[in-house]
Amino acid sequence: GAVDALPTNRLGSGERAVIACARMRQVAVAGLDDRQARELAEALGLRATGTLGILLRAYRAGLIAEVQPHLDALVHQGFRLSTALYSSVLALAVEAPYGRT
């Protein structure tokens, strides 16, 4: 299938499936947190962003009203996020408020 058509790599099945699906459906941005997965996606001509980028895009598009509760939920569920990055994401949300692209 589409996953088997990807170049040989060390990615897990989840990352490989996201990349294969994104290629098949020609999506604008593939959501990938793993650095190697993002690099492979970009080498294959896809744009890639991580969870935090998707969260900011959802906020800017008006799909979610606030960023901080979602960041807190991610951290609570074990998502590794430095204090500096946490603050940076909140600052980026303030720079481009709700409903702005």
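Reply: The answers below go from the overall layout to single residues. This is a predicted model, in which local features need pLDDT of at least 70, side-chain atom pairs count only at pLDDT 80 or more, and totals for chains, interfaces and linings use all residues. Residues are numbered from 1 along each chain as its sequence is written, and side-chain values use heavy atoms, with hydrogens and water left out.

Me: How many helices and strands does the protein have?

Reply: The protein has five helices and two strands. Both are DSSP runs numbered from the N terminus, with helices being H or I of at least four residues and strands E of at least two. Along the sequence, the pattern reads α-β-α-β-α-α-α.

Me: And how much of the protein is buried?

Reply: Of its 101 residues, 29% count as buried. Buried means under 20% relative accessible area, exposed means over 50%, and partly exposed lies in between, using a 1.4 Å probe and protein chains only.

Me: Which residues of helix 1 are buried?

Reply: They are Arg16, Ile19, Ala20 and Ala22. Seen down the axis of helix 1, these buried residues fall within an arc of 160°, so they line one face of the helix. The arc is that of the directions from the helix axis to the C-beta atoms.

Me: What do they pack against, and what is on the other side?

Reply: The buried residues of helix 1 pack against strand 1 and helix 2. On the other side of the helix, Ser13, Met24 and Arg25 are exposed.

Me: What comes just after helix 1?

Reply: Gln26 follows there, with a positive phi of about 50°. This residue, which is not a glycine, lies in the loop between helix 1 (13-25) and strand 1 (30-31). Gln26 counts as exposed because its relative accessibility is 69%.

Me: New topic: how many salt bridges does a search of the whole structure find?

Reply: The search finds one salt bridge. The term means a side-chain nitrogen of Lys or Arg within 4 Å of a carboxyl oxygen of Asp or Glu. Here Glu39 pairs with Arg35, and the closest N and O atoms are 3.0 Å apart.

Me: Where do the two partners sit?

Reply: Glu39 and Arg35 are four residues apart in helix 2 (residues 35-43), which means that about one helical turn separates them. An α-helix has 3.6 residues a turn, so residues three or four places apart point the same way. Glu39 counts as partly exposed because its relative accessibility is 43%.

Me: Is Thr49 buried or exposed?

Reply: Thr49, in strand 2 (residues 48-49), is buried, with a relative accessible area of 13%. Leaving aside neighbours within four places in sequence, its contacts (heavy atoms within 4.5 Å) include Val29, Gly31, Arg38 and Ile54.

Me: Which residues touch the most other members in the largest nonpolar core?

Reply: Leu52, Val67, Leu71 and Val89 do so, in a core of 13 residues. Helix 3 (51-60), helix 4 (68-76) and helix 5 (83-95) each supply at least two residues of this core, and the largest share, five residues, comes from helix 3. A nonpolar core is a set of buried Ala, Val, Leu, Ile, Met, Phe, Trp, Tyr and Cys residues joined through side-chain atoms within 4.5 Å.

Me: What does Val67 touch?

Reply: Not counting residues up to four places away in sequence, Val67 touches Leu55, Leu56, Tyr59, Val89, Leu90 and Ala93. There is also a second, separate core of twelve residues, which includes Ala22, Leu40, Leu46 and Ala48.
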